[in-house]
Amino acid sequence: MSNKKGNISIHTENIFPIIKKWLYSDKDIFIRELISNGCDAVSKYKRLVTMGETNGIEGENFKILISVNKDNKTLKFTDNGIGMTEEEVEKYITQIAFSGAEDFLEKYKEKIGEENDIIGHFGLGFYSAFMAADKVQIDTLSYKKDAKPVRWICEGGTEYEMDDSDRESRGTTITLFINEDSKDFLEEYKVREIISKYCAFMPVEIFLENECAEKKEGEEEKSPVAINDVSPLWLKKPSECTDEEYKAFYKKVFHDFEDPLFWIHLNVDYPFNLKGILYFPKLKNEFELVQGEVKLFNNQVFVADNIKEVIPEFLLLLKGAIDCPDLPLNVSRSFLQNDREVGRISKHIIKKVADKLNSIFTNEREKYNEFWDDIQVFIKYGCIREESFYEKIKDSIIFKTINDKHVTLKDYLEAAKEKHENKVFYVSDLEKQAQYIKLFKEYGLDAIILATPIDNNFISFLEYKDTVVKFNRVDSDLSDVLKDKEEVETSQEEKDKIVKVFKDVIGEKMKDYKVESLKNENTPVMVLVSEYSRRMAEMQAQFGGMSMGMNFPEERTLVINEKNPIVQKVINLSEDDANKERVENILKQVVDLALIGNKALNAKELDEFIKRSNELMLELL
Ligand code: ADP
Ligand code: MG
């Protein structure tokens, strides 16, 4: 061919500056684009061989070689795929790829500047090379009989040049003459890092060579190792994967030393294509924030981590890889949100996850109980975020109780029916509420443990779903359960008197006073906090200044145990005004002790308590 110059027919004066500016923040992806073009070229060639369109070469290995050369400032991508003829270069590179890039820009022009709004920048493909290069050269030889090698050179303007090439073997080499701003891409480690991120599971073996690396004398040439894994586990049939393979894949991809708890292998061919594996990680400790990582792939090409538009947000607490070949990933995120396909994919994943959990719940209950600590936050968050998930999973929600059992809400309510109907008692802090837990155990009662940060929201959610059931913390309204069956017969008059004695001393600190006959005689008084007021106070604390000027104090009730000897004696003492000071000290002491058991004294109160204790001891001497 004689040297040929041409003009790329585009309407936009020069799109390269725009491409550069726009994609600046995510420059790395040009490497992914060029490698995936190489993979496509290899797949096309293989298909032709399979179809008998061309004779393959016995034992030929397909590969993509990336060569870094710092001295020449070049980065080369070589494949032994289908190659291109002169006409094809004209058509696919000069016309189509260009107009594709142009279309793309046209469509999303308004979004320029909002880089983050575009997933992966798919679609720019070949021309993304100009993000890092001043000049791009293609040398290609088509598989077609008698094809001649072609060279195409473009220096980032609208003009290009075509000529004969000296390429001898089938395939394509794209040479990037790296620009000043992009010198990073001449570092072998940097290129390796990007390939490992975006191309770790591409279907053709990828090798990286440094043309400038000095070969050490006498050192034996090591056979190179491919950077990628060409057949990731998610592509295998679930029935052909072993537990060991699942675990190894997990550890390798997510750099975790621990085995995952369990996993879900997604494998759908119809009505859409979806493959992937989702893992439930084991939490290192109970304080660890759950941080998942779900990688999204498009035909084995990595797109991005944690894309909320495709994967329901709560599933992002898991770890996994999802490959959706059908997704239009070259479009903006807001488009994905409204895409019907995306909605269906999302629904399918939710259903699969719920099915798996329900199946472990039904068939391997012991294991499920054991996993619960690790999966509960995920499940609770999922229920709150996604009604459909809650509807599917609700019968498999369990609670650990203070008596070391794992029960469903139904189990719990059934067992408690006689004593407190439709009321669920819970503990949010095993230490602070230890006193009440002890009491519950003495009464042969059970309470569930809700100690994770999400539980507050979760019980509100459950109460909203089932308006009959009410959740009460163990230190809230105990009136149903505390009363001794063989109640002491005390007249209302008598009760009023006891209340008055206490109220005169303790005053407004308690919203309410109640005289009960508690089973355990040793407890003189107990402090209860109204569930409603406590939740309001907690909410206020959570949202800080939002409810300016409003104040929700916790409403406390003092329960006085008429069976307790201290109470009885102090009431007798109070008959005589001479004992006033003593009575006051003892009552304050008794109430403070109850508050201490609840870890509810502030610094000043504690100070007073200690002073008073010492004074009381002095009196005993
Ligand atoms: P896409 O890959 O989405 O088609 P690109 O801009 O990445 O868009 O590539 C445009 C076209 O150029 C490809 O469809 C292909 O026909 C051709 N092409 C690019 N790179 C190669 C290659 N390494 N080997 C053969 N053909 C290629
Ligand atoms: Mg491409």
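**Exercise 1. Describe the overall make-up of the protein, starting from its contacts.**

Among contacts in the protein between residues at least 6 apart in sequence, where contact means heavy atoms within 4.5 Å, 72% join residues at least 24 apart. This is a predicted model, in which local features need pLDDT of at least 70 and side-chain atom pairs count only at pLDDT 80 or more, while totals for chains, interfaces and linings use all residues. Residues are numbered from 1 along each chain as its sequence is written, chains are lettered from A and ligands numbered from 1 in the order in which they are written, and side-chain values use heavy atoms, with hydrogens and water left out.

The secondary structure comes to 18 helices and 21 strands, these being DSSP runs numbered from the N terminus, with helices (H or I) of at least four residues and strands (E) of at least two. Of the 621 residues, 50% are buried, where buried means under 20% relative accessible area, exposed over 50%, and partly exposed in between (1.4 Å probe, protein chains only).

**Exercise 2. Work out how helix H16 is placed against helix H17, and which residues meet.**

Step 1: take the geometry. Helix H16 (residues 565-573) and helix H17 (residues 580-597) have axes 10 Å apart and pack at an angle of about 155 degrees; axes are lines fitted to C-alpha atoms, for helices over the stretch in contact, and angles run from 0 to 180 degrees between N-to-C directions.

Step 2: classify the angle. H16 is therefore roughly antiparallel to H17, given that angles under 35 degrees count as roughly parallel, over 145 as roughly antiparallel, 65 to 115 as roughly perpendicular and the rest as oblique. The crossing of H16 and H17 is left-handed, a term used if the near helix is turned anticlockwise from the far one by less than a right angle, with right-handed used if clockwise.

Step 3: list the residues. From H16, Ile566, Val570 and Leu573 meet Arg582, Val583, Ile586, Leu587 and Val590 of H17. Sorted by class, this contact has 7 nonpolar, no polar and 1 charged residues, where Ala, Val, Leu, Ile, Met, Phe, Trp, Tyr, Cys and Pro count as nonpolar, Asp, Glu, Lys and Arg as charged, and the others, Gly among them, as polar.

**Exercise 3. Examine the backbone at Pro271, Asp146 and Gln300.**

Step 1: Pro271. The peptide bond from Tyr270 to Pro271 is cis, with omega near 0 degrees. Pro271 lies in the loop between strand E9 (262-268) and strand E10 (274-280), and with a relative accessible area of 46% Pro271 is partly exposed. The C-alpha atoms of Pro271 and Arg344 are separated by 9.4 Å, although these residues are 73 apart along the chain.

Step 2: Asp146. Although Asp146 is not a glycine, its phi is positive, at about 65 degrees. Asp146 sits in the loop between strand E4 (133-141) and strand E5 (150-154) and is exposed, with a relative accessible area of 70%.

Step 3: Gln300. Gln300, also a residue other than glycine, has a positive phi near 70 degrees. The loop that holds Gln300 runs between strand E11 (293-298) and strand E12 (301-305), and Gln300 counts as buried at 11% relative accessibility.

**Exercise 4. Identify the surroundings of Thr408.**

Thr408 belongs to strand E15 (residues 406-408) and counts as buried, at 10% relative accessibility. Leaving out residues up to four places away in sequence, Thr408 touches Phe361, Asp395, Ile397, Ile398 and Phe399.
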